[in-house]
Amino acid sequence: MKTVTHAPADPSPAGVGTRVAHESAAQHVTGEALYTHDLATRDKSSLHAWPVQSAHAHALVTKLSTDAARKVPGVVEILTADDVPGLNDAGVKHDEPLFPSEVMYFGHAICWVIGETTEAARRGAEAVEAEYEPLSSIVTLPEAIDAASFQGPQHVMERGEPDEALEKATHRFRGTFEFGGQEHFYLETHASFARVDESGQVLVNSSTQHPTETQEIVAHVLGLSSHEVTVQSLRMGGAFGGKEMQPHGLAAVAALAAVRTGKPVSLRLTRTQDITMTGKRHPFHAEWDIGFDDQGRITGLDATLTADGGWAMDLSEPVLSRAMCHIDNAYMVPNIHVHGRIAKTNKTSQTAFRGFGGPQGMLVLENILGRCAPLLRIDAGELRRRNFYQPGDTTPYGQLVRHAERLPDIWGTLSERADVVRRKAEIAEYNAAHTDTKRSLAMTPVKFGISFNFAAFNQAGALVHVYKDGSVLINHGGTEMGQGLHTKMRQVAATTLGVRLDRVRLAPTRTDKVPNTSATAASSGADLNGGAVKNACEQIRERLAQVAGGIFGANPHDIRFDDDGVAAMGKDPVPFEEVVSDAYMQRVQLFAAGYYRTEGIHWDSSTMSGSPFKYYAYGAAATEVEVEAFTGSYRVLRTDIVHDVGDSLSPLVDVGQIEGGFVQGTGWLTLEELRWDTSDGDRRGRLATQAASTYKLPSFSELPEEFNVHLYERATETGVVYGSKAVGEPPLMLAMSVREALRTAVEAFGPEGAEVDLGCPSTPEKVFWAIQEVRGAEPEGESERAEKEKQEVGTAPGAGPQAAKPEPTTDPKSNQATSSVRTGRPPQSPQPETESV
């Protein structure tokens, strides 16, 4: 693979904006980096936990006998609900019993065995005797919708007059779209290591993105106050949102076992346990009705989004809220009505995943535009461009789209850098000469809002120490999961204090150093914690400036900190550590608690309105693919990306995040398919894709053969630490260009104007069936087109014959809800999900 990256020139050695390696890169590649379970293996007295998992999707536990298990050699303790001194619940909404009497999904842990070794605990778990009374279960989204199985509140977001706009639309289409979830598949599975010290303080090392919430859940399970529990997150071997809520109950089990046994306890899930017990990206089902004018501009949209929340609420409500707020993506929809609801199914409780609902909302409209473009006889890329937000436009929830002019600028820059016009001409020539392979190039944009959509989470703290020798230690509330947050925080501190990067070290994230932290999520880690670190360093710098003013006989405002020294205007600098030493001798405080809160955001969840985001991150990607008709297999030939990260804090880190996010998004949209047993047999509700052998992950062969990443220039974002922008989540949605390229490649196998119904994830199997469908489509003559336009438009706006909305059926090739009727389609071909009105 050829990879080309472009970033601004290095402005200074090791400070903000400099390309530096990840702060733990050397430890990662040498294996010296320690993770939670590594700490446990160093303590030979540590006990180990193993779950007893249910083999039912939904059942009552009628008997639980641990007598035989307690006799297994090496078994020390067996934890059940009777052992919980506090609250038997692992969730913040009190709907996730830690030790359930009613199992809600296949693999639900009903008790935990604690053994001297992992093997002893496993054998003890096998000896636990459990009996169940099976209950009816709901496994799929269509089942939940038919049964009206919903949980939590339902929300509506509305602007304008969508009903009237749809009635008057020149072109109107409606349909359904169902797409799957995604397994996090972090390299390090969930792990916790708990012990109790001589004073009764509970110390928990946890692979968690949200140490404060882990602390709170452990405390309420143990019946303790938060100050009696300390949680540390040393580092994570990946998380992607999967360790924001899901670690809490596992940490509580380890802590409860440590309290019960008086010994350190390690809990680390195997890969199969991790996949079968923990939540995933939310699958979605969408019903939509959209109208366009004669120029292809969207006039109205009515949509119902149903998220599969699994058995408990977890983070489903804010995930759905963000999906609703991102259904517009980069496009102006003047009249819109979106109804959102959360399905309750007997599956793992679905949770946060990179993008947090944003990708699901954006995918709905991108899919609609891709489906409708050939019906409108407009190039899909041109259809997207015509609908971009313009300066002064507001979103459906009422927020001004600041810097909307960046969308067409990024789009044009990308088109030029990727040489789109020339390559599309070459692709047309290639397709004309090849019958059974086709190529295509598609461009898609991204507009992604940055901030938590719960206002209170938009705050952060930091504790910065400067020692007498001039070295600096940072504690902040963010967690490191490989994304480079600690690297950026070191650069922020080094720049603010004007010192070398090697002076600055990061301490592990701990709740007894920085309290009440928010999760490292929502792409806000650098914004929030960077602001707090900068604030703490500025306090120290101001104190040091007073000291330096005395040294130089200058006004403190004229003191400069730079290049590892301190200077006054027109005078030679002195070393940073000399000023620090003088400050200590003068009894000047050399540590500071920093704080940051995001200003200017507000949100009313009852009306789904406000300004929930500090700013928007923009980007666009152009991807070329080649598809082979006989098997549906495909290659990603080239991807070009232009992405807006503001003034990058750390360009090397940011480019890596863009590349990684794009590949992970490609996996979700084209490869990674979660298969649940939907039969009526004993294995109903069982996840069949439980390992890398059955769950397809992106590998080197799925990467673009040529991969070009360019950081958008002149992109300073005001009001954010050093003008930077978030980069964790937005790049994932650039992968929509891969799926849309696959769609238009499939279009090339059929007659002009043929709509392509492409399942999602768009696996080779789905691509194959889409090719078969489009090859069976009949070309439209002028009379057929005139008749279709008559059916779309009617004899007057809102009048004329309208196709009845078809009842959903099941397509065995896609396992998705489809429409039973579509104007202009031969009855023998598989039916798509769109109908004209």
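This is a predicted model: local features need pLDDT of at least 70, side-chain atom pairs count only at pLDDT 80 or more; totals for chains, interfaces and linings use all residues.

## Salt bridges and their burial

At 38% relative accessibility, E713 counts as partly exposed, and its side chain meets that of R714 in a salt bridge with an N to O distance of 3.8 Å. R714 is itself exposed, with a relative accessible area of 72%.

| Pair | N to O distance |
|---|---|
| E183 and K280 | 2.6 Å |
| R439 and E626 | 2.6 Å |
| E713 and R714 | 3.8 Å |

In the pair of E183 and K280, both residues are buried. E183 sits in the loop between β9 (171-179) and β10 (191-196), while K280 sits in the loop between α9 (271-277) and β14 (284-292), so their contact ties together parts that are 97 residues apart in sequence.

The salt bridge of R439 and E626 joins strand β17 (residues 437-450) to strand β28 (residues 615-628), and the pair therefore ties together parts that are 187 residues apart in sequence. Here R439 is partly exposed, at a relative accessible area of 23%, whereas E626 is buried, at 14%.

A network of salt bridges links E366, R384, R739, E740 and R743. R739, E740 and R743 are among the buried residues of α19, a helix of 12 residues (736-747) that reaches 17 Å from its first C-alpha to its last, close to the 16 Å expected at 1.5 Å a residue. The helix α19 is mostly covered, with 12 of its 12 residues buried.

Conventions: Residues are numbered from 1 along each chain as its sequence is written. Side-chain values use heavy atoms; hydrogens and water are left out. Helices (H or I, at least four residues) and strands (E, at least two) are DSSP runs, numbered from the N terminus. The expected span of a helix is 1.5 Å times one less than its number of residues. Buried means under 20% relative accessible area, exposed over 50%, partly exposed in between (1.4 Å probe, protein chains only). A salt bridge is a side-chain nitrogen of Lys or Arg within 4 Å of a carboxyl oxygen of Asp or Glu.
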